[in-house]
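I opened this model to go through its chains, helix packing, strand pairing and interfaces. My entries follow in the order of looking.

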Amino acid sequence: MAKKEMGSTSMLVLALLKEKEMYGYQIIEELDRRSEHVFQMKEGTLYPVLHGLEKDRLIAAREAETVKGRVRRYYAVTEKGLRVLEEKKKEWNTFSKAVTAILAGA
Amino acid sequence: MSEKDWLDTATKKIRFRPDRKAVRRELEAHLEDMREASGLEEDAALRTMGDPEAVAEELGRVHKPWLGYLWRASQAALAGAAVLYCVMLGMLAVRPGYSYRVLPGMGLYNYLQTDVDMLDPACVIEARELPPGAAFETGGYTIRPERTVLRQVSGTDGPQWNLYIELDITLSRWEEPLDYWFALSGVRTGAGTPCGMHRMSACWGFWQKCGLEFEGLPEDAEWVELDFGYGQLRRTLHIDLTEEAEA
Amino acid sequence: MKEKRTPWPRWAKILRNLLLAVLLGFMMWDVWGHPTFFYMEDLRRRERRALFPEPEAVVELNTIGGVKYRIDVAEGMAVTSYPLRGDFFTNANASFHSLEEGPALLCVSRTAERPDEFGQPLTCAAYVAVHPPEDAAGAVLTLSNESAEHMVEGIREGDVFLFYDHEYATTGSALHMMGFSSYELEFSDKDGNSICQVSG
């Protein structure tokens with residue numbers, strides 16, 4: 001499997017899915033809500049990311065039918081996904097501390 | 001651009017059809033969710049979805065068709081094998097002398113049912129169990145003599161002595177039973193040779209059962225020797241006719 | 001909410017399909033009677049089943065149709081065979097001949113071919129004398145029936161003598177099929193002295 005550069009979007013998606021299983025539209029909504037409209041992802045960008053994470057086995061999908069008969073794909077984070085998320089969180093913290101340190105001096 | 005066009009464009013780079021349909025379904029459901037939740041008009045909704053060409057690129061990069069093609073190929077292989085199996089069964093069934101081995105398991109069943117001793121007990125005047133000869137190994141075959149019986153039977157020319165030997169043979173190669181017709185290279189007794197011989201064999205997998213019946217042994221014969229194999233593979237099985245088997 | 005059964009991952013489905021296909025293939029091969037696909041494979045298998053050891057001598061003759069006729073010789077048994085092409089498999093048409101002590105004569109059951117001085121193949125009948133005396137340098141085969149006697153010179157090739165009969169090009173696996181009722185084999189050493197005589 002090619003080691004792709006993990007974008008920050010992926011990290012945010014993983015973080016959201018850690019809390020609970022969500023389907024595509026739900027993810028967009030949550031991101032928008034929690035970031036207080038800072039992250040307003042284009043729907044079209046989300047799905048390639050989701051499917052990429054699924055192919056890398058960081059998240060797993062299952063299909064479920066709603067009351068109205070619509071089929072939704074729910075994504076949940078896997079063990080591997082949790083580990084990768086922790087790694088990325090550490091990296092991000094190191095990064096943001098460094099940025100903050102430099103900006104504080106400016 | 002209509003919703004249908006957007007979806008078609010966005011999924012056009014996913015080459016494997018079942019994958020393309022699945023992704024399209026997911027995106028369609030997303031659009032429905034969005035329409036319900038936000039109540040936006042078609043154009044506006046599609047604009048928030050983003051540029052379909054860019055999405056197509058990304059999706060195309062993630063959904064590579066190779067595993068899908070491999071899956072189709074494996075399905076074709078399985079279907080082909082199943083069809084071939086039925087055709088083969090058909091071809092065998094019309095062949096004369098078909099032995100009804102529809103499944104490999106039937107060979108084992110037939111093997112277990114086989115009674116290598118086919119002699120009619122009504123002909124037997126007297127029977128004596130002999131201790132079986134020693135097991136031996138040659139050419140990859142392990143030959144274990146089991147039931148050995150010296151019988152006096154009423155033959156067409158009067159009573160005659162027959163020696164019946166049951167062999168349990170372990171094969172070293174799958175379904176390559178000992179060809180007893182040729183593998184038996186010689187028969188001797190101390191007083192001449194038997195005048196006739198019947199043979200019977202059943203085999204499955206690595207096991208073989210073989211029954212040999214030597215007819216018309218000389219009356220004063222005290223032992224029988226059977227030669228199996230040729231050259232360096234030759235082995236001799238010695239059977240003592242005077243001993244009595246333990247009860 | 002209705003939930004679908006967890007589907008198998010794609011790679012697992014591929015593996016399962018391939019394993020089932022292989023299993024079906026094995027079952028087909030088993031039910032068909034375990035045919036082998038190649039001539040030598042079939043010949044070796046038949047030899048193994050007859051407890052025939054590694055041959056002491058192997059002779060190959062050219063016969064019509066470009067078919068190589070093969071004779072494997074061991075103590076007490078000789079195997080004559082040639083490839084027989086079937087629908088899908090090439091089998092060995094093998095015959096087992098038990099041999100007594102001493103030299104023995106085998107009839108080649110296919111019409112043999114032997115190139116003449118110009119390299120043109122001539123058809124002829126062929127005979128093989130196996131287990132000749134060690135020091136035999138020459139051999140003469142005399143074939144006879146009620147009406148005539150016929151002599152053929154033998155050529156030593158390794159541990160056997162080959163006889164090519166250009167006069168009578170019939171074939172058969174036994175002497176009477178070749179049109180003769182008896183034979184006499186005479187071996188001579190390099191000085192021409194007769195060493196051994198066998199008849200049958």
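**Chain A.** I began with burial and found that 29% of the 106 residues in chain A are buried; the model is a predicted one. I then listed the secondary structure of chain A, which amounts to four helices and three strands. Read from the N terminus, the order in chain A is α-β-α-α-β-β-α. I also looked at contact range in chain A: of the contacts between residues at least 6 apart in sequence, 46% link residues at least 24 apart.

**Confidence.** I noted the scores for the model, ipTM 0.82 and pTM 0.69. For chain C I read an average pLDDT of 84, with 96% of the residues scoring at least 70.

**Helix H1 of chain B.** Which residues of H1(B) are buried? I find Trp6(B), Leu7(B), Ala10(B) and Thr11(B). They lie on the same side of H1(B), because the arc they cover around the axis is only 115°. On the face of H1(B) turned away from that buried side I find Lys4(B) and Asp5(B), both exposed.

I next asked what the buried residues of H1(B) pack against. Their partners are helix H3 (43-55) of chain A and, from chain B, helix H2 (17-38), helix H3 (42-49) and H4.

**H1 against H4 in chain B.** I looked at this pair separately. The axes of H1 (residues 3-11) and H4 (residues 52-62) of chain B come within 7 Å, crossing at roughly 35°. On the H1(B) side the contact uses Trp6(B), Thr9(B), Ala10(B) and Thr11(B), and on the H4(B) side Pro52(B), Glu53(B), Val55(B), Ala56(B) and Leu59(B). By class I record six nonpolar residues, two polar and one charged in this contact.

**Strands of chain C.** I followed the pairing from E3(C) onward. Strand E3 (residues 68-74) and strand E4 (residues 77-85) of chain C run antiparallel and are joined by five bridges. Within this pair, Ile71(C) is opposite Thr80(C) of E4(C). The two strands E3(C) and E4(C) make a hairpin with two residues between them, and Gly76(C) in the turn has a positive phi of about 95°.

How many bridges join E4(C) to strand E5 (residues 90-98) of chain C? I count nine, and these strands too are antiparallel. Val79(C) has Phe96(C) in E5(C) as its bridge partner. E4(C) and E5(C) also form a hairpin, here with four residues between them.

**Chain C against chain B.** I then turned to the interfaces. Here 28 residues of chain C contact 34 residues of chain B. On the chain C side, the elements giving two or more residues are helix H1 (10-31) and helix H2 (39-49) of chain C. H1(C) supplies the largest share of that side, 14 residues. I sorted the chain C side by class and got 17 nonpolar, four polar and seven charged residues.

**Chain B against chain A.** This contact takes 19 residues from chain B and 15 residues from chain A. The elements of chain B that give two or more residues to the side touching chain A are H2, H3 and H4. Which of them gives the largest share? I find that H2(B) does, with eight residues. By class, the side of chain B that touches chain A holds nine nonpolar, four polar and six charged residues.

How values were computed
Residues numbered from 1 in each chain as written. Chains lettered and ligands numbered in written order. Predicted model: local features only at pLDDT ≥ 70, side-chain atom pairs only at ≥ 80, totals over all residues. Axes fitted to C-alpha atoms, helices over the stretch in contact; angles between N-to-C directions. Contact = placed C-beta atoms within 7 Å. Nonpolar A, V, L, I, M, F, W, Y, C, P; charged D, E, K, R; others polar. Buried ≥ 20, exposed ≤ 12 C-beta atoms within 10 Å, placed from the backbone. Arc of directions from axis to C-beta. pLDDT = per-residue confidence, 0-100. Pairing = 2+ DSSP bridges.
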